[in-house]
Amino acid sequence: MLELKEFRTKVHNDWCPGCGDFGILNAIQMALFELKLEPHDVAIFSGIGCSGKTPHFVNTYGFHTLHGRSLPIATGAKLANTALTVVAVGGDGDGFGIGAGHFVGAGRRNLDFTYVVYDNGVYGLTKGQASPTLPKGLKTKSMSFPSIVEGINPLAIAVSAGYTFVARSYALDVRHLKEVLKSAILHKGSALVDVLQTCPTYNDINTKEWYSGSDLPTKAPRLYKIEDTGYDGTVKNSSDAKEVNEKKGQAIIRSFEWGDKIPIGIFYRCEEPTFEDLIANRMPAYKQVPLVKQSIYDRDVTSLFESLT
Ligand code: SF4
Ligand code: MG
């Protein structure tokens, strides 16, 4: 029987002590284990940044790709082998900066994959410059001046782009993150899990203490579970455009709640045909035999050539 340790590797981990990435790594390994997935049935793709090292530390198939390019490569793998469980990981700079176009494009397709973003508001690997999610006016410790550009809201973009599962969790709440990741992986379609991640080396504002609300007049955790307020982000009837739009609207509104109180959990979820389903509608053989298992030899393409003459 599979054990949790089989998802770990012996590769040396050089993340900074206390980095929130450790919580995300543990949650990914635990989620895969609890879903009873075999390591050879899973592939993890990363871009460049501290998070980019994740595939080295998880004993599944893995691909450490280029800056901002994890999603197109994960897309290719999923299209070639629909039987794979595909997880892409990346930082906020990697995914929402240089990879922003791919982030939007992947959501539009509703391909069945999970994208986990380690969101710390800085480019950690390159010494803490402001990333796309750092709010305007903040100055973390390696910046000379406060940021003069607006921070983006990844959840609102994901809902608008077409992701059919959009959630937020916290790197230091491994139990919550693990459960959200399990739901995201089980979801059939494009899933974004934006993980609030502490970077103790470069982000001295959104720290573990800040998330615990130690600076508030009445000390209380900033993070709360959105479902505890009666919120339900799951669409019951995806062919009901009114319901879909209402659920998208409430997800976007709640995703902007930031300050003394910050919601975590599943903001939006909707079962819709995946990109793979739509391809299979045109090519029934696509789902019967994954492309990777189809022979590329012994094919009669005469009729194709004749149609071109
Ligand atoms: Fe973690 Fe920040 Fe260190 Fe990168 S720089 S490993 S994100 S603490
Ligand atoms: Mg970052």
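**Close-up 1. Lysine 127 in its loop.** Lysine 127 sits in the loop that runs between β5 and β6 (129–130), where strands (E, at least two residues) and helices (H or I, at least four residues) are DSSP runs numbered from the N terminus. The model is a predicted one, in which local features need pLDDT of at least 70, side-chain atom pairs count only at pLDDT 80 or more, and totals for chains, interfaces and linings use all residues. Residues are numbered from 1 along each chain as its sequence is written, chains are lettered from A and ligands numbered from 1 in the order in which they are written, and side-chain values use heavy atoms, with hydrogens and water left out. Although lysine 127 is not a glycine, its phi is positive, at about 85°. Most residues other than glycine have a negative phi. With a relative accessibility of 53%, lysine 127 counts as exposed, a term that means over 50% relative accessible area, whereas buried means under 20% and partly exposed lies in between (1.4 Å probe, protein chains only).

**Close-up 2. Aspartate 298 in its loop.** The loop between α11 (285–288) and α12 (302–308) holds aspartate 298. This residue, which is not a glycine, has a positive phi of about 55°, and aspartate 298 is exposed, with a relative accessible area of 81%.

**Close-up 3. The magnesium ion (ligand 2) and its donors.** Asp92 (OD), Asn120 (OD1) and Val122 (O) coordinate the magnesium ion (ligand 2) at 2.1 to 2.2 Å; donors are N, O and S atoms within 2.8 Å of the metal (3.2 Å for Na, K and Ca), and because water is not among the atoms, sites may look incomplete. Along the chain, the donors of this ion follow the spacing D-x27-N-x1-V. Distant parts of the chain are linked here, since aspartate 92 belongs to helix α4 (residues 92–98) and valine 122 to strand β5 (residues 122–123), 30 residues apart. Aspartate 92 is buried, at a relative accessible area of 2%, and valine 122 also counts as buried, at 2% relative accessibility.

**Close-up 4. The residues around ligand 1.** Around ligand 1 are Trp15, Cys16, Cys19, Cys50, Asn120, Gly124, Gln197, Cys199, Pro200, Thr201 and Tyr202, each with a heavy atom within 4 Å of the ligand.

**Close-up 5. Leucine 79 and its contacts.** Helix α3 (residues 70–80) contains leucine 79. Leaving aside residues up to four places away in sequence, leucine 79 touches Leu111, Phe275, Ile279, Tyr286 and Leu291, where contact means heavy atoms within 4.5 Å.
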